[in-house]
Every structure is written in structure tokens, then in C-alpha cells.
Amino acid sequence: MMRLLLLLSLVALPQNGWAQGKTVGQSSAAVKLRMWTVHATNAHSDTDDKLDRIVKHLRRLKYSGFSYVDTQGGTVRRDGKIQMPIPGGRSVQLTLLSKTAEKARVRVRIKGKKAVILDTTVSIRRNGFFMVAGPKHDGGVLVLPIFARY
Amino acid sequence: MAEDLTMSLSPDEYARLLAEDGLASRDAVALRPEEQVRSDRALRRAIAAELVSVEAPTIAETVMRRLGHLPVHVSDSVQGEADIPSFAAAVMAELGTRGPLGPQLQAEVVAEAGELESLWPAIAPAVGGAVGEQPMGSLLKDAVRHEASEDFGGISWLAPGGRWRVVGTAAVGVAFAAAAALLLYMGMGDPAAPSMEATMAPILEAPVDIEAIDAGEVEVLQFGEQAPTIIMIGDEASRP
């Protein structure tokens, strides 16, 4: 164990090469795709604290209350797919089609129990997001903010 | 029969010992011979000088040097959708293995057990326990929970004047290990993974370009150039 600690201690020493190793703005091949699931409803007027960063955009929708459900996603490279379940027996599939320094092309397919509800291809600006809203759930609708981070 | 290692002190030796440890009264110290007092003060000054000359490791600065400048509010990012760093995975990756962590780490600990002195005897008194008499895990958890609570206003068990110094090099090693793990995560992970900036940077609020869209009933909402696009769909097709 001491050997392990010693090794880690040595690694912790500042080294110029590493200091420049992964610098701000360095590009990479992968994109981190994230999807929040939010339940919008008029049954109450509360909003989860976790939604603070996007609440002003959620309030554009004609609902009074917003509940955070979960976050799903993963890191994908070109043509990588992520399949995520959402309430109501539906699923969302995100595919990274391509990326540039400025934007990531992402295909979003939302499948219902019997058919595809939405099939769209969008270009999301780096570290940006957009939202899909509308799938009905528990007296309200689901809102799905989708982020592309790289 | 164990060898008796006790030794007797004369009243004078005992009084000097108390004075050296700072436990004697002012009057008692005043009664000490001047040369003893001078010697004691000189020793204290020498020790203080040695301690002052030791610079504590600036872990935060080291971490930030590795990161570069990040003009973002880290806590906001972490509370948002940023991932929790997998310290253990990063450490093990650096050690040259990407297999299951548990068994390997356990084997490493078992293989080298005994080289690291037990910390419990030093920690136990600080949390009000005694090794072998009370469940240390519960005491520690209670102590951490207590000091983490908002209404905690007492003195931390790691506070100056406490017993943290007793832990000594082991604690320093653990601190370095934690810092190292963080650095490994920051700078030596998968080179294809999104950058740290991507993990910590603020979310960009801007429209998306819709290249194609296919939905039964759809409405695209855009509330300005500083707002995300919202695609509203009807989900009649999803109904059973």
C-alpha cells in the first residue's frame, strides 16, 4: 500500500509537460451526450433546484411545475449510439453523426410503444443543448433537454 | 514476564519535564534554574523554526496548473450535468490495468498489509473511542455526519491542536494520493474523451440547426438567439 501511495505522490508532483497535456480548448474525438428527463405539469407549481440552469427556458412552456426525473447519456464517437428509456415505455436514441470544432450533428429518434414519435437531425453547438417536449406522462408532458459537451 | 521498562524521575526531573511540556504553572517555571529555562526556550525556538520552514504542499495550485485556467464556476458545473470523476478508475488505468478494480486493489492491500501502521490508535481518541472497545466505523461515521451538519459549530476533530499530527506521514500520503487521483483524472484519462473544459464549461444557450425532422405533429419554438430550440411534438403515435 505504501508503494501505491508513493507512486501516487510522485504523480502528484507538478510536471511541465503534463501541465500542458490536456489544456483548455483541446479537441477530442468524442462527444458527451446527455439527456435530462423532466416532468412538466400543471398539477403543482414547484420546480426542482436541479433545474435552475434551464428553468427560465422551461417556463416558456405552458406548465407551472417541473420535476427532475433523471439524467442519462454517455460519451460517443462518430456513429456512436445511445439508447435510453424514458417513462411511458418509450425510448430515445441519440446518434452522433459527425462533429466539427463548433457543432455536433446528432440524430434523435424517440420511439413510442408502436411507432417512432420523432426522428430529427440537428446540429448542436459545442457545449450547447436543445429540448424536445411533448410526450405525455402522468397528467403532463416530458421535457427532454439534450446536451452535447466536448 | 515482560521486562520492566519504567523509570523513576526525581522531583526535579519531573518538574522540568512538566515545564518542558508546557504543563507547569508560571510559578513553577519561575522556580526553574535559569539555564534550564534558557535551554528549554532555545529548544522550543529551534523546533518552531523547523516547523515554520516546512512548506505545506499546495495541492490546489498543483491541480490548477494541470488544468490551466478555467473561467467557470466549478461547483455549478458539478451540480449540473457534469460527471462525477471516477478517481479509482483513473488511478488504476495509470497503474496499467483496466480490469475490475475491487479484486486487484484488495490483493494489493492484502499483499502489502502490515507496512502501513494502523491509523486507528491515533484516530480513536479524537472521535471519543478506544480501539478494541467500540465499533470504530460507527464512531467515525457519526463524527463525520456530525461535523458535516449545518449546525455544527464545534471544533473539528482535525482542527489544529487536535491529534491530526499523530497520523503523520500516513495522512500526508493519503492526501497526496487523493490529489494524484484527481490529477490523473484531469490530465491522463482517455485522450479521446471530451476535454475537461467540456465537462466544466457553462452550457451554451443557443439555437440548434434542424437539418431534418419527421414527426406526426411538431412545432419548433425559438425564443431568441440566446435560447435553446424547443421541439414540441404530439405523441399520438405513442399511445397504445
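**Entry 1: A:Val108.** I began with A:Val108 and looked up its contacts, leaving aside neighbours within four places in sequence: the partners are A:Val92, A:Leu94, A:Leu118, A:Thr120, A:Val122, A:Val132 and A:Ile146. I count two residues as in contact if their C-beta atoms, placed from the backbone, lie within 7 Å.

**Entry 2: what I am reading.** This is a predicted model, in which local features need pLDDT of at least 70 and side-chain atom pairs count only at pLDDT 80 or more, while totals for chains, interfaces and linings use all residues. Residues are numbered from 1 along each chain as its sequence is written, and chains are lettered from A and ligands numbered from 1 in the order in which they are written.

**Entry 3: chain A overall.** I find 3 helices and 8 strands in chain A, and along the sequence they follow the pattern α-α-β-α-β-β-β-β-β-β-β. Here helices (H or I, at least four residues) and strands (E, at least two) are DSSP runs, numbered from the N terminus. Chain A has 150 residues, of which 39% count as buried; a residue is buried if 20 or more other C-beta atoms lie within 10 Å of its own, exposed if 12 or fewer, and partly exposed in between, with C-beta atoms placed from the backbone. Among the contacts in chain A with a separation of 6 or more, 48% join residues 24 or more positions apart.

**Entry 4: the core.** I then asked which residues have the most contacts inside the largest nonpolar core. That core has 39 residues, and those with the most contacts inside it are A:Val106, A:Val108, A:Val132, A:Leu144 and A:Ile146. A nonpolar core is taken as a set of buried Ala, Val, Leu, Ile, Met, Phe, Trp, Tyr and Cys residues joined through C-beta atoms within 7 Å. At least two residues of this core come from each of β1 (31-41), β2, β4, β5, β6, β7 and β8 (140-149) of chain A, and likewise from β3 (230-234) of chain B. The largest share, 7 residues, is supplied by β8(A).

**Entry 5: the sheet of 5 strands.** I traced an open sheet in the order β3(A)-β4(A)-β5(A)-β6(A)-β1(B), with antiparallel pairing. Its edge strands are β3 of chain A and β1 (209-215) of chain B, each of which pairs on one side only. Neighbouring strands of this sheet are turned by 15° against each other on average, direction ignored; for such angles, axes are lines fitted to C-alpha atoms, for helices over the stretch in contact, and angles run from 0 to 180 degrees between N-to-C directions. Two strands pair if DSSP finds at least two bridges between them.

Where chain B joins, β6(A) and β1(B) pair in the antiparallel sense over 6 bridges, and A:Leu118 stands opposite B:Ala215 in β1(B).

**Entry 6: the sheet of 6 strands.** The order of this open sheet is β2(A)-β1(A)-β8(A)-β7(A)-β3(B)-β2(B), and the pairing is mixed. The edge strands, each pairing on one side only, are β2 of chain A and β2 (217-221) of chain B. I note a twist averaging 20° from one strand to the next. Between the chains, β7(A) and β3(B) pair in the parallel sense over 3 bridges, and A:Val132 has B:Ile231 of β3(B) as its bridge partner.

**Entry 7: positive phi outside glycine.** Is A:Asp79 buried or exposed? Its phi is near 70°, a positive value in a residue other than glycine, and its place is in the loop between β2 (65-76) and β3 (81-86) of chain A. A:Asp79 is exposed, because 10 other C-beta atoms lie within 10 Å. A:Asn127, also not a glycine, has a positive phi of about 65° and lies in the loop between β6 (116-125) and β7 (129-137) of chain A. A:Asn127 is buried, because 22 other C-beta atoms lie within 10 Å.

**Entry 8: a helix of chain B.** Helix α1 (residues 11-20) of chain B is hardly covered, with 1 buried residue among its 10 residues. Just after α1(B), I find B:Gly22 with a positive phi of about 75°.
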